Amino acid sequence: MEKMGKLINFHHTASANHLVKIIKDVSKSKHEIREDKLMKKMYLQSYIVYLGSHAHGNGVQVSKADLKRVTHSHYDLLGSYLGSKKKAREAIFYSYKRHINGFAASLEEEEAAEIAKHPEVVSVFPDQERQLHTSRSWEFMSLEKNGEVIPGSLWKKARFGKDTIIANLDSGVWPESKSFSDEGFGPVPSRWKGGCQNNSKAGVPCNRKLIGARYFNKGYLSHGGQLNYSDYSARDNDGHGTHTLSTAGGNFVPGATILGGPIGTVKGGLPKARVAAYKVCWSNRCFDADILAAFDMAIHDGPDVISVSLGSRAGDYFDDGISIGAFHAVKNGIVVVCSAGNSGPAAGSVSNVSPWIITVGSNTLDREFQNFVELNNGLQLKGKSLSKPLPKHRFYQLISGAQAKVANASSHNASLCMEGTLDPEKVKGKIVACLRGENARIEKGWQAARAGAVGMILCNDKQTANQIVADLHLLPASHIKYKDGLSVFAYINSSDNPLAYITAPIGKLYIKPAPVMASSSSQGPNTITPEILKPDITAPGVNIIAAVSGASAPTQFSFDSRRVAFNSLSGTSMSCPHVSGVAGLLKKLKPNWSPAAIRSALMTTVNDYLDFLCAIGYNQTMIKLFSEGPYTCPESGNLLDLNYPSITVPKLSDSVTITRKLKNVGTPGTYVAHVREPLGISVSVEPSILKFKNIGEEKSFKMTLKAQWAGAAKNYVFGGLTWTDEKHYVRSPIVVAAASRF
């Protein structure tokens with residue numbers, strides 16, 4: 001108004017028409033200003049500014065005033081670049097103020113680049129999107145046998161994880177699931193500082209089992225995500241978070257079923273643990289800004305284990321929200337377990353590669369849900385399925401998708417049972433053989449069912465070969481291998497009246513070989529630091545049965561109106577919580593063990609991780625920001641000497657000697673080294689015998705690796721070192737590749 005007033009006063013002798021023109025010109029300039037602001041908003045991105053650790057440190061009672069002071073320091077820092085504290089307030093949507101020091105803000109690229117130059121800033125990076133990495137398993141892991149707990153098992157010793165606390169960063173939780181029943185549970189442990197946001201029936205009502213439920217969505221919203229008012233809770237509308245949390249810490253649920261089919265007693269790795277859900281994923285989108293906020297709050301709340309079944313392409317350790325959050329959790333004595341990803345079998349596809357994270361790959365169980373396709377020519381073909389059985393035990397007419405096509409559909413599309421390609425008059429009452437590929441496996445069955453089919457035989461194409469999956473199809477179905485599919489199509493084409501029957505699925509145990517690495521499980525080598533072997537460990541992740549959300553269909557398709565309490569899912573998302581459960585059991589047995597001691601009996605301290613950061617190029621000034629005090633880097637840091645349970649030499653040239661340290665966590669004993677040499681590599685250990693007299697005693701050894709001939713280890717070769725006193729076995733994988741490979 002001031003500008004308009006001056007213009008009007010200046011032109012006081014002007015005519016009325018001239019005055020109107022002046023006002024229009026002024027209004028136009030204001031409109032242009034609004035457009036400029038909108039244009040600027042279009043160029044804004046969400047960034048995370050990471051400042052390290054807080055001065056208030058660990059174990060200090062932090063007041064609300066302290067937290068407020070941290071937030072204001074973030075406003076001051078950003079305001080110095082944006083021109084005012086007010087602009088900083090508008091830009092910042094998260095202030096990390098408890099354990100992680102930093103903030104998330106909407107910035108222009110140039111502003112982010114300038115802030116990154118500040119001496120107190122560790123890193124500035126875009127708010128990246130992460131993906132979700134989508135029960136007999138406990139018997140397979142030797143915790144029970146035939147449904148009975150094995151005497152002396154880890155379950156028994158650790159009292160089923162009684163009062164251990166597991167936090168899960170995922171898509172939330174379905175609180176009504178019986179896996180989270182608190183029947184028989186006592187008061188919540190007094191050490192727990194967490195709570196439940198929107199603790200209501202519509203939100204997430206907590207109990208003595210489910211003791212925490214928080215949600216973090218500002219990162220998602222900053223990327224254009226849309227939420228209704230009813231979405232503001234940790235309630236899981238997807239099912240992924242419920243599945244992973246119940247796998248890690250679900251209570252005993254006897255007599256569980258899937259669509260009426262009995263599946264026995266379902267339970268997690270820590271049936272008597274307390275659990276907490278931190279919802280960071282919305283519509284399958286998970287952003288670093290929300291993940292960091294969840295880590296910061298979870299560390300404050302005080303779990304024993306944090307389980308994270310999500311990730312993306314591996315990147316620099318401090319340009320990665322999961323890596324930063326895990327670092328601060330481990331500093332506070334919390335074990336962090338993450339999934340390796342489902343981008344296998346591509347080499348170098350593993351994610352979550354920080355050495356302070358336990359990274360988990362996926363393997364098969366010795367159980368499968370199998371059924372059989374019986375052809376009227378006497379042929380019986382084994383398949384997999386979780387679908388309901390056929391209505392009657394008799395042969396049904398059999399037809400291929402190509403034979404059942406409507407007039408205007410191509411034979412190719414009809415063979416795949418694609419939408420609108422099957423003729424109901426040809427299909428009704430019959431079993432349809434559909435070829436795998438292009439459209440989803442579940443959708444093929446849906447299209448067959450819509451056309452009136454009573455069942456489906458899903459036949460693999462040449463590319464998918466022997467990879468068959470037990471899906472929860474919408475009609476009776478069996479998924480068979482490529483060669484068996486050829487037999488089905490050959491029978492259909494050679495018979496005047498082809499007939500078939502699909503048997504009801506059953507759970508078959510003791511399938512061999514098992515375990516086998518899942519083909520989808522992401523593989524090493526570690527693309528950021530090849531000297532650190534990743535994944536660290538593998539666990540069951542194929543066809544894992546656990547609780548799911550009552551808000552979504554078991555197939556995740558909109559056309560599926562079914563709801564189930566439990567479902568079978570596969571991926572490293574499922575293997576990760578298995579290890580989280582076992583880590584919690586160990587934490588219960590050995591409450592004083594560090595997170596790295598949980599990883600193995602080889603002791604790795606936070607200082608070891610700081611030495612690691614020195615070795616990969618972080619200077620002392622930078623490390624001081626997140627080490628909460630002065631830290632001196634070793635004069636000669638060697639990545640190969642990080643006291644990691646595995647031994648990886650990615651660039652061997654002639655020979656190398658590495659050092660490791662062992663800590664005795666049991667009774668006194670004498671341990672002898674046994675080596676399985678990688679092909680073409682000689683391995684010597686000095687000393688080869690270690691005598692431990694006391695609990696907590698530490699001893700070092702050196703290992704020398706040498707190529708036995710020129711050109712040895714052109715590709716990665718594998719071996720192992722085992723220390724044993726004939727009662728206990730401490731194993732370390734050995735992985736070697738020649739320098740010439742690079």
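The following legends describe close-up views of a predicted model.

View 1. In soluble globular proteins, nonpolar side chains tend to be buried together.

**View 2. The surroundings of F318.** Apart from neighbours within four places in sequence, F318 is in contact with Y50, V122, S123, F125, I324, F327, W356, L613, Y618 and F626. F318 also belongs to one aromatic cluster, formed together with Y50, Y317, F327, W356, Y609, F612 and Y618.

**View 3. The aromatic pair F216 and Y278.** The structure holds 19 aromatic pairs. In the pair shown here, the ring centres of F216 and Y278 lie 6.4 Å apart and the planes meet at 15 degrees, so the arrangement is stacked. F216 is located in the loop between β9 and α8, whereas Y278 belongs to strand β12, and the pair thus links distant parts of the chain, 62 residues apart. F216 is buried, at a relative accessible area of 8%; Y278 is likewise buried, at 1%.

**View 4. The salt bridge between D163 and R274.** The structure holds 20 salt bridges. In this one, the side chains of D163 and R274 meet with an N to O distance of 2.7 Å. D163 lies in the loop between α7 (154-157) and β8 (165-170), and R274 lies in strand β12 (residues 274-279), so that distant parts of the chain, 111 residues apart, are linked. R274 is buried, with 2% relative accessibility, while D163 is partly exposed, with a relative accessible area of 23%.

View 5. A salt bridge joins the side chains of R235 and E176 (2.9 Å, N to O). Because R235 lies in the loop between α8 (218-222) and α9 (240-249) and E176 in the loop between β8 and β9 (210-215), the pair ties together parts that are 59 residues apart in sequence. R235 is buried, at a relative accessible area of 11%, whereas E176 is partly exposed, at 43%. The charged end of R235 also sits over the ring of W174, 4.7 Å from the ring centre.

**View 6. Further charged residues.** K534 and D536 form a salt bridge whose closest N and O atoms are 2.7 Å apart. K534 is buried, with a relative accessible area of 2%, and D536 is partly exposed, with 26% relative accessibility. R130, D288 and D320 are linked in a network of salt bridges. R394 lies over the face of Y396, at 4.0 Å from the ring centre.

**View 7. The loop residue A712.** A712 is found in the loop between β35 (698-707) and β36 (717-724). With a relative accessible area of 6%, A712 is buried. Not counting residues up to four places away in sequence, A712 touches G680, A707 and A738. The C-alpha atoms of A712 and V736 are separated by 9.7 Å, the two residues being 24 residues apart along the chain.

Notes
Residues numbered from 1 in each chain as written. Predicted model: local features only at pLDDT ≥ 70, side-chain atom pairs only at ≥ 80, totals over all residues. Heavy atoms only, no water. Helix = DSSP H or I, 4+ residues; strand = E, 2+ residues; numbered from the N terminus. Buried < 20%, exposed > 50% of the residue type's maximum accessible area, 1.4 Å probe, protein only. Contact = heavy atoms within 4.5 Å. Salt bridge = Lys/Arg side-chain N within 4 Å of Asp/Glu carboxyl O. Phe/Tyr/Trp six-rings, centres within 6.5 Å; stacked < 30°, edge-to-face > 60°. Lys NZ or Arg CZ within 6 Å of the ring centre and 35° of its normal.
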